[in-house]
Structures are given as C-alpha cells and as structure tokens.
Amino acid sequence: MSRTLISLVHIRKEFANGTVALDDFSMDVREGEFLSLLGPSGCGKSTALRLIAGLADVSAGAITWPSGGSARSGIGFVFQEPTLMPWASVIDNVYLPLKLKGLSRTEAMPRIMDTLALVGLADFAKVYPRELSGGMKMRVSIARALVTEPKLLLMDEPFAALDEITRFKLNDDILRLKEARNVTVIFVTHSVYESVYLSSRIIVMAARPGRVVAEIAVDAPYPRNEDFRATAIYTETCKAASQALHGAMAAHDHL
Amino acid sequence: MRSLAQTGAAARFGLPLLLAAAILGWWEWGVWYYSIPPYSLPSPSGIIAALIRDWPVLSVSLWVTLQTTLAGMALAFAGGVALGVLLGMVKTAENMLFPYAVVLQVTPIIAIAPILLIYFPAPTVVLLTAFLVTYFPVLSNTITGMRSTDRGLEALFDLYGANAWRRITLLKLKTALPYILTGFRIGGPLALIGAVVAEIAAGTAGAGSGLAYRIIESTYRLNVPRAFAALLLLSIMGIIIFYTIVFISHLMLKDWHESAMQKER
Ligand SMILES: Nc1ncnc2c1ncn2[C@@H]1O[C@H](COP(=O)(O)OP(=O)(O)OP(=O)(O)O)[C@@H](O)[C@H]1O
Ligand SMILES: [Mg+2]
C-alpha cells in the first residue's frame with residue numbers, strides 16, 4: 001500500500017455563526033490515489049477541501065503531512081465555480097499561478113500552451129472568459145490548477161453544472177491527466193456514478209455534523225474507459241456507494 | 001442596404017443634431033422677428049459673432065479655467081483612488097477617515113469657497129474647490145470596488161501565497177477598475193462645476209480671469225452676447241471632459257466588462 005500523504009485526525013470545524021460543518025472527521029489520503037468525497041449537500045465537503053488546502057483553519061484536531069511538507073506547496077485547486085478573472089484572456093488566467101511564483105510570461109508560455117493543449121483549448125488561448133461556454137471555462141480552471149504541475153489536485157464538484165456529455169468527456173480527460181502527471185486527486189461530488197467511475201477509493205459523508213460514514217474501495221485498475229461502466233465491479237460498487245449514501249442521508253437531506 | 005451600425009449612428013448623432021438645429025433656428029427667427037435687443041437676448045448668430053470677436057479675451061479665460069479644472073480633477077482622481085485603496089483595504093483607516101470625507105462632501109461647496117478665499121489666493125481656491133467636489137465620488141466608488149473582489153479569486157491568491165502588493169495590483173485594482181471609472185465619470189464634470197463656483201465666489205475681487213468670471217463681468221457691462229459666448233465655451237468644455245472620460249473608460253473595459261459590451265442576441 002502506498003504512503004500516507006495527508007492525515008486528518010478528529011477534525012472539527014465550527015463557523016463563527018455556530019454552524020458545525022465537520023465534527024470528528026478523520027481520514028487519510030494516500031499518495032497517488034484518486035479519492036472521492038461523496039455526500040449530501042451541506043455535509044462539509046467543500047469545507048474539508050478548504051481545510052486541506054490551508055484556506056481555512058480547523059477549530060480542533062489536526063491535519064498532518066507525514067511525507068513532509070513539500071506536497072503542501074504544490075496544490076492545485078479547482079473550485080466549484082470556474083472563478084476566472086474576467087479581465088484576463090485564457091492565457092493570462094492560466095499564467096496567474098506562475099506569475100505569482102515569479103515566472104516571466106515568456107518563460108511560462110511553453111508550459112501554459114502545453115497545459116491548454118492538454119485540456120483541448122489551445123485554439124482559445126487569446127479569448128476572454130465571457131466568450132467561452134460553461135464547460136470550456138471549467139477546463140480553463142482545470143488548466144490553471146494543473147499548470148504548476150501540482151502533486152495534489154483538489155477538485156470541488158468541478159463538473160456539477162455541466163451536461164452529461166461534457167461531463168463524461170471531462171471525466172475521461174481527468175483520468176488521462178491523472179495518469180500522465182501521476183497526481184493525487186481529491187474529488188468532491190454528488191454523483192455516485194461519477195465517483196465510482198473515477199475513484200480508487202470513495203469516502204461517503206453524512207451531514208449535520210459532517211462526518212465519515214463509509215469507505216468504499218473501487219477494485220478496478222486504471223486506465224479506465226467507457227467499457228468500465230459495463231463491468232460487474234462498476235455496477236456492484238455503484239450499488240454499495242448508493243446504499244451507503246442513502247443510509248447516511250436523513251429524510252430532509254438533499255443530494 | 002444600410003447596416004445596423006449605420007442606422008444606430010444616425011439615430012445616436014443625427015437625432016440630437018436635428019433637434020438642436022430646430023431649436024436654434026426657432027431662436028434665431030424669434031430674436032429677428034420680435035426685434036429683441038442683444039442685451040436682452042442675443043441670437044445664436046450674435047453669440048457666435050461675439051465668440052469670434054472676443055476670442056482673444058475668451059481664449060485666455062478658457063485656458064485659465066481649463067487648466068485649473070484639469071489640475072483639480074487630476075489631483076482628485078489620484079487622491080481619491082489612493083485614499084480609496086487605503087480605506088478599502090484597512091477597515092480601521094476607513095472608520096477613522098471616512099466621516100471627514102463625508103463632512104467635506106456634504107458641506108455645500110458654494111459656502112466653503114468664500115471662506116477659503118480669506119486664506120488662499122483665488123487661483124488656489126478654484127483648484128481646491130474643483131478638487132473637493134470631485135474626490136468624493138472617486139473615493140467612495142474606489143472603496144466599493146476594492147471590496148467587491150470575488151471570494152473564489154481571493155482564495156486562489158491565498159493558495160498561491162500572493163503578497164499584499166500582488167493582491168492589490170493583480171486582483172483588487174482590476175476588480176475595482178469599472179467602479180473607479182464610474183467615479184471618474186461622475187466626478188470629472190463636477191470638477192468644472194467646482195471651478196466655476198469658486199470663480200463666481202471670487203468674483204471681480206479675484207485676480208482670476210476664468211470663463212465664469214468673464215460671464216459675471218460681461219453681465220455687469222450688459223455685454224450679454226459675450227456672457228453667452230463664455231457659457232457656450234463652458235458647456236463645450238464640460239461635454240469634452242465627460243466624453244473623453246467615457247471614451248477612455250470604454251477603451252479600458254471594452255474587452256471584458258459587460259457595461260462596455262455590444263449586446264448580441
Ligand atoms: N463561511 C461560512 N460561514 C458559515 N457557515 C458556513 C460557511 N461555509 C459553509 N458553511 C456551512 O457549513 C456547512 C458545510 O458547508 P460546505 O460548503 O462544506 O458543504 P458542501 O458539502 O460542500 O455542500 P455542497 O455539496 O452543497 O457544495 C453548511 O451547513 C454551510 O451552511
Ligand atoms: Mg460545496
């Protein structure tokens with residue numbers, strides 16, 4: 001089994017308004033895995049990602065990086081919305097993380113163009129975000145997260161707002177990218193099918209307060225493609241995940 | 001066949017010009033038909049004639065007013081943005097200073113001008129009042145702009161460990177730009193009003209020789225065509241200031257901001 005990358009131990013997160021987003025939340029993230037967080041709306045998935053990224057502080061408990069802090073400086077984050085800068089072209093949006101690291105635009109250009117090619121947007125490099133479709137904006141956002149070649153990629157329901165065709169396509173793209181770059185991915189989703197298709201492991205969460213209720217391994221090798229959706233393992237795992245999720249949901253919870 | 005753009009331009013410039021021509025024609029005809037003397041109401045042609053005849057005097061006044069207005073405006077733009085950035089970033093600074101900015105704004109400028117004239121020479125007062133009326137819209141719009149940053153982008157800058165300077169220049173000021181330009185668009189024409197108010201307050205007592213001073217002086221001498229000519233110059237100046245700002249802000253926003261976009265359907 002691969003090494004532990006991040007360890008979350010008895011995490012509690014309480015907001016100033018008294019909302020307890022996470023309580024006694026523990027999980028390990030292993031190096032190189034594709035981990036999905038699956039749970040109803042409001043169970044603290046986004047909060048967990050923000051804590052891991054260091055964008056918010058825990059109220060109690062600890063987040064440790066047993067393999068050393070080096071991975072910590074190499075995090076890519078794809079937010080629930082594309083969050084692009086409307087005043088900057090696609091190139092300049094993707095350039096931002098490198099600019100903040102002190103690279104000049106000319107130095108960064110090969111990497112920017114490579115990453116744009118990877119997400120299939122090389123032809124749209126000079127365009128402004130408002131001229132892109134929702135799926136294309138999301139791909140720019142993914143390119144921006146990948147351009148620093150992070151060791152850890154955090155994705156917060158990146159495809160929730162997209163149609164199924166685009167979503168399936170981007171699912172395959174993400175798997176391809178993960179193989180190519182060998183990144184560790186933590187992927188937040190509402191969708192049982194998406195989580196099974198993508199993940200090597202799924203953590204099912206429940207709300208009020210946010211906590212782990214089940215952990216499901218997806219015993220299928222990568223690379224995966226559409227054929228995987230027709231296998232028995234896929235169907236079985238979907239059923240198990242779905243049961244765990246609905247078992248975790250109270251009557252008034254929403255997916 | 002005429003394109004859509006041509007029809008748009010005709011409606012945009014043609015119609016106001018047509019209206020102006022109609023009103024001016026009626027005015028010219030009325031003055032001639034009722035034989036109104038120029039010291040009561042000069043005709044449009046009489047005003048133009050006065051403008052040409054008095055150009056040596058009026059051009060000097062135009063230059064004086066233009067210079068002080070632009071100087072006051074530039075100071076207010078720079079000062080308003082600089083202070084706005086500070087107050088937008090540091091809450092305690094806003095709590096401390098903003099009330100004073102409001103006091104300066106709500107006190108009628110026409111009442112401040114005579115008092116300033118006790119302490120400063122007339123040209124300085126003209127500059128100061130132009131500044132005083134202009135800075136506030138710039139300041140308050142800048143503060144709002146600095147506070148309007150997208151939280152997701154803010155988190156992104158956190159993630160990559162951006163320092164305060166980077167955050168201001170690459171994120172906050174960019175977000176604030178449309179707000180700041182709105183402040184300029186409101187404040188710019190006010191600078192001219194401020195300058196004129198101060199020139200009037202200084203009156204003949206002032207050493208000033210701006211356009212507003214010319215208007216007062218001309219009315220005292222019943223040289224009404226000249227007063228109208230000076231007024232015309234003031235309007236033209238206001239129009240040019242306003243549209244220059246509109247044009248520059250359009251150039252700065254045209255690639256990305258909705259307000260500067262052609263609507264497509
Ligand atoms: N800044 C905040 N202040 C107060 N409460 C918050 C804040 N952010 C989130 N919460 C609360 O914390 C809980 C978890 O929120 P979070 O955004 O992590 O949920 P989520 O699992 O990502 O939901 P969704 O799937 O709908 O995105 C919710 O009850 C939410 O109301
Ligand atoms: Mg969320």
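What follows is a walk through a predicted model of two protein chains, taken from the parts of each chain to the contact between them.

In this predicted model, local features need pLDDT of at least 70, side-chain atom pairs count only at pLDDT 80 or more, and totals for chains, interfaces and linings use all residues. Residues are numbered from 1 along each chain as its sequence is written, chains are lettered from A and ligands numbered from 1 in the order in which they are written, and side-chain values use heavy atoms, with hydrogens and water left out.

Chain A comes first. Its domain assignment gives domain 1 (1-74 + 153-255) and domain 2 (84-149); such bounds come from an automatic or database domain assignment. Taken over C-alpha atoms, the centres of these two domains of chain A are 25 Å apart. Where they meet, 12 residues of domain 1 of chain A and 11 residues of domain 2 of chain A take part in the contact, contact meaning heavy atoms within 4.5 Å.

The size of an interface is often given as the accessible area lost when the parts come together. Buried area here is the accessible area (1.4 Å probe) that two parts lose on being put together, summed over both. Between domain 1 and domain 2 of chain A this area is about 990 Å², and carbon and sulfur atoms give 72% of it. On the side of domain 1 of chain A, the residues that lose the most area to domain 2 are L153(A), L177(A) and R181(A), together 47% of what that side buries.

The polar links across this interface can be counted too. There are 0 salt bridges between domain 1 and domain 2 of chain A, a salt bridge being a side-chain nitrogen of Lys or Arg within 4 Å of a carboxyl oxygen of Asp or Glu. The rule for polar contacts finds 1 residue pair between the two domains of chain A, both residues at pLDDT 80 or more. A polar contact is a pair of N or O atoms within 3.5 Å; within protein, one must be able to donate a hydrogen and the other to accept it, and residues adjacent in sequence count only if both atoms are side-chain atoms.

Helices (H or I, at least four residues) and strands (E, at least two) are DSSP runs, numbered from the N terminus. The largest share of that side, 6 residues, comes from α5(A).

Chain B has 10 helices and 0 strands. Its C-alpha trace spans about 75 × 65 × 25 Å along its principal axes. Of the 265 residues in chain B, 41% are buried, that is, under 20% relative accessible area, with exposed set at over 50% and partly exposed in between (1.4 Å probe, protein chains only).

The domain assignment of chain B gives domain 1 (1-34) and domain 2 (43-260), and their C-alpha centres lie 30 Å apart. In chain B, 4 residues of domain 1 are in contact with 5 residues of domain 2. The area buried between these domains of chain B is about 400 Å², with 71% of it from carbon and sulfur atoms. W27(B), E28(B) and V31(B) lose the most area on the domain 1 side, together 84% of what that side buries.

T134(B) lies in helix α6 (residues 122-146) of chain B, and it counts as buried because its relative accessibility is 0%. A polar atom of the T134(B) side chain is 3.4 Å from the backbone nitrogen of A191(B). Beyond its neighbours within four places in sequence, T134(B) is in contact with residues including M73(B), F77(B) and L190(B).

Finally, the two chains meet. The contact involves 21 residues of chain A and 19 residues of chain B. Together the chains bury about 1900 Å², 73% of it on carbon and sulfur atoms. In chain A, W87(A), L100(A) and R130(A) lose the most area to chain B, together 39% of what that side buries. There is 1 salt bridge between the chains: R130(A) pairs with E258(B), their closest N and O atoms being 3.6 Å apart.
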